[in-house]
Amino acid sequence: MSSVGTRVFVARLAGTKVFDPLGDEVGRVRDVVVLVRLKGAPRAVGLVVEVPGRRRVFVPLTRVTAVDAGQVISTGLVNMRRFEQRASETLVVGELLDRTVDLVDGSGTATVEDVAIELQRSGDWYVTKVFVRRTEHRGGLLRRRGETMLVPIDQVRTLARASAAQGAELLLAQYEDLKPADLADVLHEMGVTRRLEVATALDDERLADVLEELPEDDQVAILRAMELTRAADVLEAMQPDDAADLLGELPSEQAAELLELMEPDEAKDVRRLLAYEDNTAGGLMTTEPVILGPETTIAAALAHVRRQDLTPALASLVFVARPPLETPTGRFIGVVHLQRLLREPPHGSIGQIVDTDIEPVAADAPLMTVTRELATYNLLALPVVDDQRRLLGAVSVDDVLDHLLPDDWRETDDEPGPFTRPTPAVTARGVRRG
């Protein structure tokens with residue numbers, strides 16, 4: 001049991017595993033919910049816990065029996081309803097880290113780097129300490145990193161007020177281990193201003209990966225808020241099909257301007273994809289699957305499918321064609337399955353193990369035709385060719401799923417899975433946070 005006076009630093013708590021009394025893992029802590037007031041110490045009311053299925057749920061601190069090194073113990077009763085932040089609530093990791101505060105002693109401003117919550121005799125948890133880094137001004141507007149201090153909560157002001165331009169370095173450090181889809185969920189749940197601040201702080205490659213997982217309206221809002229040159233760089237880092245989908249949601253003038261700013265080779269593929277209807281093989285495909293000539297050795301082919309930028313679906317097949325090997329290629333020959341590559345001697349050529357039974361689809365093939373072919377032959381990707389049987393690209397199963405699911409599938413709660421524990425009525429949304 002946590003004892004009175006137990007102090008926990010939130011930045012260190014993030015990522016900690018949560019267990020029930022029997023030792024079964026419930027999930028991982030992703031944030032702490034606090035109620036920040038203009039006067040008095042903020043009260044911590046609960047944890048945002050990521051449970052299986054990438055769902056983030058609210059666990060009241062009244063349901064936490066112990067917070068020890070490396071673990072949190074809960075009562076095991078978890079409301080599996082997706083967490084939705086209320087207007088009165090503040091997320092420590094998502095909103096308070098990197099916030100600029102005024103020091104009460106009049107010595108200037110500081111940036112919040114961590115927040116400590118402490119268990120009181122009343123059983124409530126309150127923010128008692130703030131770990132800050134003093135802001136130093138050198139040479140007018142130039143700011144340099146100053147000394148760090150652990151100060152009582154009553155020695156800082158303006159914690160309740162968001163900074164005009166808040167950084168995101170510390171927040172991103174907490175989420176460094178997240179996959180792009182998970183980080184996209186975090187951004188989607190943020191307020192508009194904070195979402196843009198965090199997106200801007202990501203490097204081009206990471207932001208491109210995250211944008212591909214966000215709903216279209218979030219993608220458009222983020223891209224339109226950026227400088228055009230940065231937006232063009234991010235589009236170049238995206239998969240061509242995802243970049244084309246995003247540009248298709250922008251006004252035609254802005255899309256044309258961004259295409260002009262992109263590297264010609266990158267823009268060429270995107271322009272080609274924009275010419276196809278959305279729900280056709282051409283509109284769904286990527287122009288950058290693994291394409292190799294028949295003389296390529298099996299060892300070299302395996303090296304190609306190890307590329308980090310490949311999705312598992314695209315890494316499942318090597319597409320074999322005559323030169324040129326950039327789309328549109330020479331005549332398409334067939335595919336080689338990853339499992340077949342793993343079973344053959346590495347010095348052999350892929351031309352000897354080509355599967356020619358997989359029929360490609362035309363670029364104008366409708367979505368249901370593509371879906372039927374993937375399901376019939378248990379494929380993760382499907383070749384797309386023109387009327388001269390030149391390979392134009394490949395449709396992967398993940399792109400098909402994105403188009404088959406409803407637009408709001410990210411916000412729709414699924415039915416509770418087998419990990420759901422019985423939840424009494426008092427955990428209902430209306431009363432769960434007291």
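Among contacts in the protein chain (heavy atoms within 4.5 Å) between residues at least 6 apart in sequence, 60% join residues at least 24 apart. This is a predicted model, in which local features need pLDDT of at least 70 and side-chain atom pairs count only at pLDDT 80 or more, while totals for chains, interfaces and linings use all residues. Residues are numbered from 1 along each chain as its sequence is written, and side-chain values use heavy atoms, with hydrogens and water left out.

The C-alpha trace of the protein chain spans about 75 × 60 × 40 Å along its principal axes. The chain has 434 residues, and 50% of them count as buried. Buried means under 20% relative accessible area, exposed over 50%, and partly exposed in between, with a 1.4 Å probe and protein chains only. The protein chain holds 17 helices and 19 strands. Helices (H or I, at least four residues) and strands (E, at least two) are DSSP runs, numbered from the N terminus.

Two strands pair if DSSP finds at least two bridges between them. Strand 7 (residues 71-74) pairs with strand 2 (residues 17-19) in the parallel sense, over 3 bridges. Here Phe 19 stands opposite Ile 73 of strand 7. Strand 7 also pairs with strand 6 (residues 64-68), now in the antiparallel sense and over 4 bridges. In that pairing Val 67 faces Val 72 of strand 7.

Next comes strand 9. Strand 9 (residues 100-103) runs antiparallel to strand 10 (residues 109-119), and 3 bridges join them. Asp 102 has Thr 109 of strand 10 as its bridge partner. The hairpin of strand 9 and strand 10 has 5 residues between the strands, and Gly 106 takes a positive phi near 80° in this hairpin. Strand 9 has a further antiparallel pairing, with strand 13 (residues 156-157), over 2 bridges. There, Leu 103 has Val 156 of strand 13 as its bridge partner.

One is formed by 3 strands in the order 14-15-16, with mixed pairing. Its edge strands are strand 14 (291-292) and strand 16 (332-337), each pairing on one side only. Strand 14 and strand 15 (residues 317-321) run parallel and are joined by 2 bridges. Leu 292 stands opposite Val 320 in strand 15.

Another open sheet has 3 strands in the order 17-18-19, and its pairing is mixed. Strand 17 (361-362) and strand 19 are the edge strands, and each pairs on one side only. Strand 17 runs parallel to strand 18 (residues 381-385), with 2 bridges between them. The bridge partner of Ala 362 in strand 18 is Val 385.

Follow the chain on from strand 17. Ala 363 lies in the loop between strand 17 and helix 16 (367-376). Ala 363 is buried, with a relative accessible area of 11%. Leaving aside residues up to four places away in sequence, Ala 363 touches Tyr 276, Thr 280, Ala 281, Gly 282, Val 384, Val 385 and Leu 392. Its C-alpha atom is separated by 10.0 Å from that of Leu 273, 90 residues apart along the chain.

The buried residues of helix 11 (residues 264-274) are Ala 267, Asp 269, Val 270, Arg 272 and Leu 273. These buried residues pack against helix 9, helix 10 (252-261), helix 12 (281-284) and strand 19 (391-396).

The last stop is the largest pocket. On a 1 Å grid over the protein atoms alone, a cavity is a set of points where a 1.4 Å probe fits but cannot get out, and a pocket is an open set with protein on both sides within 12 Å along at least five of seven lines; lining residues have an atom within 4 Å of a point. The largest pocket has a volume of about 1000 Å³. Grid points are joined across faces, edges and corners, and a volume is the space filled by probe spheres set on the points.

The lining of the largest pocket has 36 residues, and Asp 209, Glu 212, Glu 213, Thr 311 and Asp 398 lie nearest its centre. The elements giving two or more residues to this lining are helix 4 (180-189), helix 6 (204-211), helix 8 (228-237), helix 9 (240-247), helix 14 (312-315) and helix 17 (397-404). Helix 17 gives the most, with 5 residues. By class, the lining has 13 nonpolar, 5 polar and 18 charged residues. Ala, Val, Leu, Ile, Met, Phe, Trp, Tyr, Cys and Pro count as nonpolar, Asp, Glu, Lys and Arg as charged, and the others, Gly among them, as polar.

Why does the largest pocket lie between domain 2 (180-274) and domain 3 (285-404)? Both domains give residues to its lining, so the pocket lies between them. The domain bounds come from an automatic or database domain assignment.
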